[in-house]
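Please keep the sequence and the structure in view while reading.

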Amino acid sequence: MSAPEPSVECPEPIAESTDPNELKQEIIGRYPTKVARKRAKQIVVNRGSESCEANEISANVRTTPGLITQRGCSYAGCKGVVLGPTRDIVNITHGPIGCGFYSWLTRRNQTRPEGPEAANYMTYCFSTDMQEENIVFGGEKKLRAAIQEAYDLFKPKAISIFATCPVGLIGDDVHAVAREMKDKLGINVFGFSCEGYKGVSQSAGHHIANNGLFRHVVGSDDTVTPGRFRINLLGEYNIGGDAFEIERILESCGITLVATFSGNSSYDQFATSHTADLNTIMCHRSINYVAEMMEEKFGIPWTKVNFIGGAATAKSLRKIAQYFDDPELTARVEQVIAAELPAVEAVRDQVKPRCAGKTAMLFVGGSRAHHYQELFKEIGMRVVAAGYEFAHRDDYEGRRVLPGLKVDADSRNIEELKVEPDPDRYRPRKRPEELERLKSAGFRFKDYDGMMADMAADTLVVDDISQHETERLIETYRPAIFCAGIKEKYAVQKMGIPLKQLHSYDSGGPYAGFRGAVNFYREIDRLVNSKVWSYLQAPWQKNPELTAKYGCD
Amino acid sequence: MLLRHTPMEVVERKALTINPAKTCQPIGAMYAALGIHGCLPHSHGSQGCCAYHRSTLARHYKEPVMAATSSFTEGASVFGGQANLVQAIDNIFTVYQPEVIAVHTTCLSETIGDDIPQIARKAEADGKVPAGKYVIHANTPSYVGSHVTGFAAMTRAMVDYFARSGEARLDQINIIPGYVEPSDMEEIQHLTAAMGLHTVMFPDTSNVLNGPQTGRFEMYPRGGVRIERLVTIGASRATVALGPAASAPAARALDRKCKVPCHILDLPIGLQATDRFIDTLRTVAGVTVPESINIERGRLLDLITDMHQVFHGKKVALAGDPDQLIALAEFMVAIDMQPIHVVTGTPGKEFETRIDQLTRNAPHPVQVRAAGDLFLLHQWIKNEPVDLLIGNTYLKYVARDEDIPLVRFGFPILDRVGHQYFPTVGYRGGLRLLEKVLNALLDREDRDAPEERFELVI
């Protein structure tokens, strides 16, 4: 790879001159035959929305050992992602020390306790720190004692337990211990069998977390949060303060947020979340299970929203207003949009001339690699390649593929809860004719079109991208910016390309909502137009010829 | 308050660790393996381990941290990870072409009992290991020891796999630098070079985890000990191993395997520990200490004597790894600071004994705990406040709640830079450490001084 041009301008992308099919063949040509065959199905040249042929990608399949993946494990998805932002549950990791240590405060989930005395355990790391004798003789006794010690010290509202790899292997029953301690202590104690080897990525952990929350917490308190338009926000984890911004917007619209799963959340929010009248989903991948189950059990419809981008935020607010079908709410939502959007558009217009025509790649998560494409488009940047780390086919191709999805052995191991309508509390939120009216007016329930529909033809979609593929894509396209995570960050930056972390946002955020869009435009402007990338060559590397000799003889 | 639930009253816990002062073995093994040139560390377990370790190391160093994983699924956990590891070895050598793959185990693969040498032999028999390339391994179950012992295990693996007894002794000394920063490894090399010694340092993460921005990503950066050098360590005259916890197992293994006599010293942090290091090098190699080192020593001593009034009597709480804290406690005592709370997470009675010895004549009782945690340390501080905290980034929560200045030292440092580039070992490292301590103490004094006592000159 040659050193990048020492110019402030990003090198012109060569996407136009690159045949993505050839690049794909070249990339997989490096792999052993079987691996190449597998990866060929996970690297797709997008057909674009005009094509009548559907895209198909292989996703949520096993990671190929040794390829250097971005992916993490089931524990990370369960304890780290979904339960990580819960502040008033004492989350105890049952296992050796590492898992608890690495998931301690590293995801930038912000939280705002109700007051100085209110519970906030997010700054703490709780672990049974299993030792060899616990592995040999079993760790249940230690776990029981740990729960007791946690209770004695903190008297929390709830304690949850997260199983790590060896726990499942040695047969510790975290659920039995949880039930026993729940009876003994009189508080909610519940466990998650989220051993790291479950499933093929973090995604399994999301599902396990959803199941556990649904089974043990959701619906345990029938207190109704007052409000006329009452919704839950699912799949928003308050990285860098995103949930704070969404809360602000919803509040100014007069929409009551009953519960967020799980950014800036509290246990009571989860417990009463079944009383809301609409579930709105941000990160489809990590939380759609809870939405599905709440609909079946309690009759709450769900719809996909997206608060990433000013226009997307406006669209999502209008969608919520359309659902509630109340003139007063509709008017207020329009007022809020009218009051907020101009500031977003002003910054967008400032930034756009400097960013337009530049290219971006996004390889992250299970929804953000899709959501953030809209922000890039708004400032005239082109996404030339994107993919998810742990998504399923429906996140790429849309939920229409769900009926045809084959459940493989790894997914079958993740429990599917059998949910039936609650005999007392199932309550359809809309009459059938209202639902029909909404649908015919274009309102889409439980639907998601996925990433590919929003990507241009001949862009590359890569699932579970490897280090090798990352390097080849960058060398070929030289994007102005690459979005991924901390493991990728410094390797990409060594290539002279700025990397924006879209898991943790580096130290930035919020990027959601109206103010978030402004922050993001400015951040991207800073990254793709910074002169700091222009100093890669020292003067003597640019002009190595000597004009005189001094003192060298 | 960020740690609002931490009570003052200390109740002994038997089962629950809160706010650990250590992490698990595999990350130490991964860090050590990065100190071999052309090496790709490989985590044999669930892929989450590898992701967590890479993330933590990348956040600490702000550098690429490349490593692969066996990506266990439930099937591999039941039937064993052989197929995964063989496939990984094939893929790694085919795609990433390292000189050596350094496999470390995890709690998962240890619990199911995977035999790494047997699997590596299988990979070799299947033709997956190209000629002249190596697969080495260390057993690092996460339920034993800590990241420090994991580092020690992988360092020892370098001896087990590569050291060969030579016909004749080579005119060189082995240096095992301990679990220290790349900047520290550079500083140790600076000292040995100043003394005119030929050395082999292993591992060596300098120029791996503090690499330059060049516009090129190098999968295998310039630094790291070369395999052809590692092969010669069995023929060296002596081994100087720094930090008993991190370096003694490798040094002793080399002594047993190739009869290379070893000198196990404390990490050269602070005046006296660095003195012992230099003096050992001098006597082992039979060289004189050059004037340049005397000058470095003199400068450190000069700062100590000039600023003694600031250090004197200041109470300090220390948290970190055992080798670091033993040397640091000695240094603090030497300049009349008072380390009164000392916590490491790495288990081992030896640590407590050493700290007790070092602080025996201290004018103040000293609380020390090997298998402690930062929650306990915080409680001790609530009961007996200190003027300064020295430890990793997690202590910033204690620092803010208790309004105590913090000098970041140890692993991990996630919110500041500098440790990659500037050492804390050697005399120059001592200068940097004391500068940080002074700045922390004096900034606090300036912040809190009433206007009439606000001083221009110190």
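Two strands pair if DSSP finds at least two bridges between them; strands (E, at least two residues) and helices (H or I, at least four) are DSSP runs, numbered from the N terminus. This is a predicted model, in which local features need pLDDT of at least 70, side-chain atom pairs count only at pLDDT 80 or more, and totals for chains, interfaces and linings use all residues. Residues are numbered from 1 along each chain as its sequence is written, while chains are lettered from A and ligands numbered from 1 in the order in which they are written.

Strand pairing links the two chains. Strand β3 (residues 126-127) of chain A runs antiparallel to β1(B), joined by two bridges, and A:F126 has B:I18 as its bridge partner. Overall, 64 residues of chain B are in contact with 69 residues of chain A, contact meaning that C-beta atoms, placed from the backbone, lie within 7 Å. Elements giving two or more residues to this side of chain B include β1 (17-18), α2 (47-61) and α4 (82-96).

Within chain B, strands β8 (residues 238-242) and β9 (residues 262-265) run parallel and are joined by four bridges. One bridge pairs B:L242 with B:L265.

Chain B as a whole has 18 helices and 14 strands. Its radius of gyration, taken over C-alpha atoms, is 23 Å, close to the 23 Å that the globule rule (2.2 Å times the number of residues to the power 0.38) gives for 458 residues, so chain B is as compact as a globular protein of that length. The C-alpha trace of chain B spans about 80 × 55 × 45 Å along its principal axes.

Technical notes
Two residues are in contact if their C-beta atoms, placed from the backbone, lie within 7 Å.
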